[in-house]
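Let's take a friendly walk through a protein model, looking at rings and helices along the way. Have the sequence and the 3D view ready.

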Amino acid sequence: MKFAVFASGNGSNLQSIINAVKKGAIKAELALVLSDNPKAYALERAKAAEIKTLVVNPKDFTNPQSMDRQIVIYLKEAKIDFIVLAGYMRIITPFLIKQYERKVLNVHPSLLPAFKGRNSIKDAFTYGAKVTGVTIHYVDEQVDHGPIILQEGCKIYEKDTLESLEEKIHKIEHKIFPKAVALFADERLKISRRKVKILEADSKTTG
Ligand code: GRF
């Protein structure tokens, strides 16, 4: 299987996925890194790993639909089987989701359904939550909503600062996101309604 990672910024999650592919933990080819931001450091990381990059700039399109139509053309050209959103700061349109139904994975820095949206780490911190964490989920047509693949929590202690919490969250992301991608690539995820069952390593044909 071939997959693409979409990233808009630093790309530390992309890096964790690149490393897992290199180690053989993810048994799929990372064939493309796509960004909506020409300045994304994620693009440098991809180039350093000799992965094909593509910048699709929203400024070149009149609306999100036309941008996603172009993206789908690129993805089909590259024979991409599934998509990993790793800090992609755009909402992908129903058109793209339909083309890749149940084939788009996302990382979200909170325990969904708590703290949806763009500033989840800060929101959990300022809300005074005692526990937060990371969710890896399928993308569907509602924001931060699709079936949950993996979640891991962490405590927010009184001594924590926003920075120390961010650090903890990223550490969890870098651990569980590559794991979820590997499970997907190994076809070990079975969805029934909202529930995602993780099949044993040797039971995917019978599960
Ligand atoms: C991550 O915290 C991710 O959960 C959120 O955006 C951040 C991206 O970080 N959606 P990076 O670009 O992978 O370093």
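Is Y127 buried or exposed? Keep in mind that this is a predicted model. Y127 has a relative accessible area of 67%, and because over 50% counts as exposed, Y127 is exposed.

Now look for the partner of this ring. The ring centres of F115 and Y127 lie 5.5 Å apart, with the planes at 70 degrees. Planes over 60 degrees apart count as edge-to-face, so that is the name for this pair. F115 sits in the loop between strand 5 (104-108) and helix 5, while Y127 belongs to helix 5, 12 residues apart.

In total there are five aromatic pairs. Another one joins F3 and F82, which are stacked: 4.8 Å centre to centre, with 10 degrees between the planes.

Next, return to helix 5. The axes of helix 5 (residues 120-127) and helix 6 (residues 162-185) come within 10 Å and cross at roughly 130 degrees, which means helix 5 is oblique to helix 6. The crossing is right-handed. Where do they meet? I121, K122 and F125 in helix 5 touch L162, L165, E166, I169 and H170 in helix 6. These contact residues divide into five nonpolar, one polar and two charged.

Technical notes
Residues numbered from 1 in each chain as written. Predicted model: local features only at pLDDT ≥ 70, side-chain atom pairs only at ≥ 80, totals over all residues. Heavy atoms only, no water. Axes fitted to C-alpha atoms, helices over the stretch in contact; angles between N-to-C directions. Helix = DSSP H or I, 4+ residues; strand = E, 2+ residues; numbered from the N terminus. Parallel < 35°, antiparallel > 145°, perpendicular 65-115°, else oblique. Left-handed = near helix turned anticlockwise from the far one by under 90°. Contact = heavy atoms within 4.5 Å. Nonpolar A, V, L, I, M, F, W, Y, C, P; charged D, E, K, R; others polar. Phe/Tyr/Trp six-rings, centres within 6.5 Å; stacked < 30°, edge-to-face > 60°. Buried < 20%, exposed > 50% of the residue type's maximum accessible area, 1.4 Å probe, protein only.
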